[in-house]
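Good morning, colleagues. Please take a moment with the sequence and the structure before we go through them together.

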Amino acid sequence: MSHQAPPTLGNQYEDDRMLRSYLSRVCPTDVLREIEPSLIEMGRLAGSELYQMQLDDRLNEPTLTQWDAWGNRIDRIEVTHLWLKAERIAAEHGVVATAYEQKHGSLSRVHQCALAYLFTPSTDIYSCPLAMTDGAARTLISSGNQLLIDRAVPHLITREPSKFWTAGQWMTELTGGSDVGLSETVARKDQTLADTFYLFGRKWFTSAVSAQIALTLARPEGNPPGGRGLALFYVETRDEQGRLQNIEINRLKDKLGTRKVPTAELTLNGTPARLVYGTTDGVRNITPLLNITRLWNGISSVALMHRGLALAFDYAKKRVAFGAPLSEKPLHMDTLLGLQVETEAAFHLAFFVAELNGKSEAGEISENDVQLLRVLTPIMKLTTAKQAVMVASEVLESFGGAGYIEDTGLPGLLRDSQVLPIWEGTTNVLALDTFRALGIHTTSESKGEKRLEVLLWQFKLWFESIRNPLLIHAGQTAMSALAHASRWLLEGNNLEAGARRFAITLGRTVELALLVRHAQWSEDHEADGAATASAHRFARSGIDMVIDQPSA
Ligand code: MFK
């Protein structure tokens, strides 16, 4: 009887042509030499012991124990073995810290995202608490609240596991997850201590509830309704004896995927909290956190896509059907290459947004790049998340029946990918945020305004050095999709209904432009035509989704 050999993984950094080629372009040689050992080590861990542990840990899930044997409410969460190991590795390898240590200026963020990209697919979405930890550190630093910065930030960005804290982001309430301004949690001021409040309310979807701190929103008594009436608060979840601070964990959520993430429903019963920054404008003040977790979402999307393909390409060499390995079947390989092209496109967009964040954090960002960062963050998040779900679904299919069987570990890829378009702003909410970032109002007043000049200018710059005719042609496809999106805006018909098609068009257009730029570089510096083939194919894979509406 013959058995099918399972897919296996090698060093996830060394085997990743896309990541290595990209880093060779953006990093000066001395920087690449300095950061590579950390990436090789993370690539080794991700392809060997962490991956094996993930397969072995498949059936374990976090547990909530609400009561002890003697009737005391304890609300103890126990996370899985892999999560405990992932926390230690994340701290030691600086999966958050690298961005803050600033050893390589603006490229520190790129280095950190590369570590996160390698770490994520083998650690059962431990990227979720890390994303919020990173976002909380960035938000506290931007707030200028020195007391909270001194108290929490050193713990959030340490490499010492025993001192490492993670952060939660408690936003969603029973009133919903997108319209955060509806939040009902009330903040009652302490009569004697400045900036100290007690929170009362229910948080309905609090990811990674095992965190030491959380940033959350609540309405100080007497404040008006809406997002402006909310304030941003800092909470320490436990007191010095390790007891939850007037927080009850009602239950863990029974989710489709991300099953290892202990997402909970909480009741805040007078939880002590400190104001982070002002007593109003909580929604605006929490957006630095959202923009960092949206970056992590994009990096996680490309990480999961890449993992699925690493397994699928390896399997194609091992699986023999109809007389030959699948890797020798043109149709099978064409299918996988199509997914590879989507992954490369998404990769370049996510890492470009990482570069912009890095420039901002290092204080080296131009005015143009500030605008690009604001506009491309929602576009990148929504575009890459949709690509991740599509790629994960196709990866499962590429394994035939095995892709549908739980103990291969493959179905989890699809389930975990499905959260990516949902949390951190759904596709539609982010399409509308794209409008907000571009200053577009869905009323007719915005007709005639030119909002896409920031992208047009950037494309022209990228395309200046393109010489390969295939790439010139692909660049023209990007330009023409951008021009169409711009015309559609000028016409201004039914803008809100078309917001998703518009945002996805911009996402795919920018992905194509980035692929074109990278491909020319790769030809010139690596004598490699693979990226050109990807750009050529991506240009023919549906870039322009805008549909013109007849005038009303
Ligand atoms: C694997 C990695 C993933 C990480 C996992 C993390 C797990 C955590 C799971 C979750 O917590 S999921 C829940 C996440 N929730 C969201 O992402 C909320 C989605 N909804 C939105 O993003 C809405 O667009 C928003 C709540 C912001 C709309 O609220 P409002 O009250 O209608 O906002 P408004 O009045 O338009 O904006 C308030 C201010 O914020 C404005 O500035 P001004 O006050 O100066 O006018 C906006 O320009 C500004 N703003 C809004 N979004 C912004 C922003 N500024 C910068 N960046 C943004 N993204």
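Predicted model: local features only at pLDDT ≥ 70, side-chain atom pairs only at ≥ 80, totals over all residues.

Let me begin with a question: in which loop does Thr158 lie? Thr158 is found in the loop between helix H8, residues 146–156, and strand E3, residues 167–170.

Is Thr158 buried or exposed? Its relative accessibility is 15%, and because buried means under 20%, Thr158 counts as buried. A polar atom of the Thr158 side chain lies 2.9 Å from the backbone nitrogen of Glu160. If we leave aside neighbours within four places in sequence, Thr158 is in contact with Ala91, Ala97, Lys163 and Phe164.

Cys27 sits in the loop between helix H1, residues 17–26, and helix H2, residues 29–47. With a relative accessibility of 6%, Cys27 counts as buried. Which residues does Cys27 touch, not counting those up to four places away in sequence? They are Leu32, Ile35 and Leu107. Leu107 is 80 residues from Cys27 along the chain, and the C-alpha atoms of the two are separated by 7.4 Å.

I turn now to the ligand. How many residues surround the ligand? The number is 28, and the closest are Ser178, Arg228, Asn291, Arg294 and Arg436. By residue class, the shell divides into nine nonpolar, 12 polar and seven charged residues.

The side chain of Arg284 places a polar atom 3.0 Å from an oxygen atom of the ligand. For Asn291, an N or O atom of the side chain is 3.0 Å from a nitrogen atom of the ligand. Gly425 takes part through its backbone, with a polar atom 3.3 Å from an oxygen atom of the ligand. On its own, the ligand has 1,200 Å² of accessible area, and the protein covers 81% of that.

Which elements give two or more residues to the shell around the ligand? They are helix H7 (127–143), helix H9 (282–318) and helix H13 (427–438). The largest share comes from H9, with 10 residues.

My last topic is the aromatic side chains. A pair of aromatic rings is described by the distance of the centres and the angle of the planes. Across the whole structure, a search finds 14 aromatic pairs. Take Tyr117 and Phe351: the ring centres are 5.9 Å apart and the planes stand at 85°, so this pair is edge-to-face. Tyr117 belongs to helix H6, residues 107–119, and Phe351 to helix H10, residues 330–361; the pair thus links distant parts of the chain, 234 residues apart. Tyr117 counts as buried at 2% relative accessibility, and Phe351 counts as buried at 0%.

Phe197 and Phe233 form another edge-to-face pair, at 5.2 Å centre to centre with 65° between the planes. Because Phe197 lies in strand E5, residues 196–206, and Phe233 in strand E7, residues 231–236, the pair ties together parts that are 36 residues apart in sequence. Both Phe197 and Phe233 are buried.

Conventions. Residues numbered from 1 in each chain as written. Heavy atoms only, no water. Near = heavy atom within 4 Å. Polar contact = N/O pair within 3.5 Å; in protein donor to acceptor, adjacent residues only side chain to side chain. Areas by Shrake-Rupley, 256 points an atom, 1.4 Å probe, with all protein chains shown as cover. Helix = DSSP H or I, 4+ residues; strand = E, 2+ residues; numbered from the N terminus. Nonpolar A, V, L, I, M, F, W, Y, C, P; charged D, E, K, R; others polar. Buried < 20%, exposed > 50% of the residue type's maximum accessible area, 1.4 Å probe, protein only. Contact = heavy atoms within 4.5 Å. Phe/Tyr/Trp six-rings, centres within 6.5 Å; stacked < 30°, edge-to-face > 60°.
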